[in-house]
Amino acid sequence: MGPDERSLLLDAFDSNWIAPLGPHVDAFEREFCETVGVPHAAALSSGTEALHLALLMLGIGAMDEVLVSTLTFAASANVVAYVGATPAFIDSNRETWNMDPGLLEEELAACARRGKLPKAVIVVDLYGQCADYDPILEACARYGVPVIEDAAEALGANYKGKPAGSFGAAAVFSFNGNKIITTSGGGMFVSSDRFLVERARHLATQARDPAPHYEHSEIGYNYRMSNLLAAVGRGQLRVLRDRVSRKREIFHFYQRALGDLPGASFMPIAVYGEPNYWLTCILVDPARFGATREEIRLALEAENIESRPLWKPMHLQPVFKDCKVRGGSVSEGIFRDGLCLPSGTALIDVELERVADIIRAACRGMHQNL
Ligand SMILES: Cc1ncc(COP(=O)(O)O)c(C=O)c1O
């Protein structure tokens with residue numbers, strides 16, 4: 001957090017607008033659209049809620065099926081269960097680690113043959129890199145299935161020059177504490193359809209109808225963002241560009257420091273766009289590297305440095321064990337061999353060097369000449 005966040009937060013505090021609405025919420029939505037390049041936005045108290053509202057607005061409910069990228073955080077799939085529908089998972093491809101458009105196409109064709117299409121596809125922009133939207137949107141349009149873009153991790157990224165959050169019927173962002181910018185907890189529902197965003201705002205405000213008394217014609221939710229947190233978000237938006245460039249530097253630092261190690265590789269950067277480099281992720285082939293990703297993680301932990309395995313694919317999660325999956329081996333391999341390296345923008349170069357030295361030492365155990 002910087003001085004702008006502090007002064008905006010104090011401004012919100014001093015104004016006494018301590019509520020899940022207020023001038024900072026309105027301004028945050030407006031400035032978010034300007035900064036990110038999306039047309040309409042509703043500020044909510046989490047990205048998960050934004051996904052939940054997206055499903056509700058597409059009318060998804062019991063007995064419906066929703067296709068979801070398997071390599072993601074649980075929230076992308078949990079929301080499908082919130083509305084009583086069932087997720088079915090699509091594997092990643094090796095080129096982007098995102099949903100494989102070919103497998104999606106196969107699954108849609110198989111669903112069409114069975115006579116029951118999914119009601120939506122939730123496409124995740126993994127670790128800050130957009131999925132390959134041209135073939136994904138083309139396949140979904142052919143079958144008339146709407147897309148929801150889960151851009152929770154991808155604020156500031158682009159696909160063929162269009163910002164993350166521009167694809168599909170609606171898109172969501174997260175401002176959770178671990179994201180590229182944060183409001184401690186928070187989310188944004190965005191769409192090019194003004195009506196959808198207005199409806200999201202309505203449902204998120206307990207679906208209160210315009211009347212002097214409390215009138216409700218449908219079930220609503222208490223999902224709006226606090227005015228205090230929106231003030232923090234406005235300050236964070238001002239540093240988004242700097243955050244992305246520091247994240248890019250961190251990625252390139254690790255690439256230079258570790259790129260020559262046998263059996264180590266990085267999340268591939270697709271030619272179609274520019275990620276926000278949210279987390280730098282590596283894959284480790286233990287046979288060539290001389291250590292597993294878990295041994296590297298433990299070597300870092302022994303030095304009080306936190307790193308984490310990549311998302312465990314949803315089709316391997318006990319809670320989704322009965323759900324369908326198309327493919328699976330690519331995300332399983334990425335999970336088995338992948339490690340998210342410390343990527344916080346507050347890290348200074350000597351700290352990054354310490355991380356790299358420990359990883360190089362783990363490799364040197366096997367390769368004496370490194
Ligand atoms: C891909 C993805 N989707 C959804 C979410 C949920 O966002 P939130 O934590 O704001 O509810 C997250 C992260 O937290 C995420 O990484």
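In strand β9, the bridge partner of Ala 42 is Phe 189. The structure is a predicted model, in which local features need pLDDT of at least 70, side-chain atom pairs count only at pLDDT 80 or more, and totals for chains, interfaces and linings use all residues. Residues are numbered from 1 along each chain as its sequence is written, and side-chain values use heavy atoms, with hydrogens and water left out.

That bridge belongs to the pairing of β1 with β9 (residues 187-191), which is antiparallel and runs over five bridges. Strands are DSSP runs of E with at least two residues, helices are runs of H or I with at least four, and both are numbered from the N terminus. Two strands count as paired if DSSP finds at least two bridges between them. Strands of a sheet pair through backbone hydrogen bonds, either parallel or antiparallel.

β1 and β9 are part of an open sheet of eight strands with mixed pairing, in the order β1-β9-β8-β5-β4-β2-β3-β14. Its edge strands, β1 (40-44) and β14 (325-326), each pair on one side only. Helix α3 lies across β1, β2 (65-69), β4 (120-124), β5 (147-150), β8 and β9, at about 35° to β9. Helix α7 also packs on the sheet, where it touches β1 and β9, and its direction makes about 15° with that of β1. Contact here means heavy atoms within 4.5 Å. The axes are lines fitted to C-alpha atoms, for helices over the stretch in contact, and angles run from 0 to 180 degrees between N-to-C directions.

Another open sheet has four strands, ordered β10-β12-β15-β13, with antiparallel pairing. β10 (264-266) and β13 (308-309) stand at its edges with a single partner strand each, so one side of each has no neighbour in the sheet. β13 pairs with β15 (residues 338-340) over two bridges, and Arg 308 has Cys 340 in β15 as its bridge partner. Helix α11 (residues 293-302) packs on this sheet and touches β12 (281-284), β13 and β15.

A pocket is found on a 1 Å grid over the protein atoms alone, as an open set of points with protein on both sides within 12 Å along at least five of seven lines; a cavity is a set of points where a 1.4 Å probe fits but cannot get out, and lining residues have an atom within 4 Å of a point. Grid points are joined across faces, edges and corners, and a volume is the space filled by probe spheres set on the points. The largest pocket has a volume of about 760 Å³. Of its 39 lining residues, Asn 178, Lys 179, Trp 278, Leu 279 and Arg 308 lie nearest its centre. The largest share of this lining, three residues, comes from α3.

The second largest pocket holds about 300 Å³ of space. Helix α9 gives the most to its lining, with five residues. The whole structure also has one cavity of 30 Å³ or more. Lys 179 and Trp 278 are among the residues that line this largest cavity.

Finally, a search of the whole structure finds 25 salt bridges (a side-chain nitrogen of Lys or Arg within 4 Å of a carboxyl oxygen of Asp or Glu). One of them joins Arg 201 to Glu 29, with the closest N and O atoms 3.2 Å apart. Arg 201 lies in α7 (residues 194-204) and Glu 29 in α2 (residues 23-36), so the pair ties together parts that are 172 residues apart in sequence.
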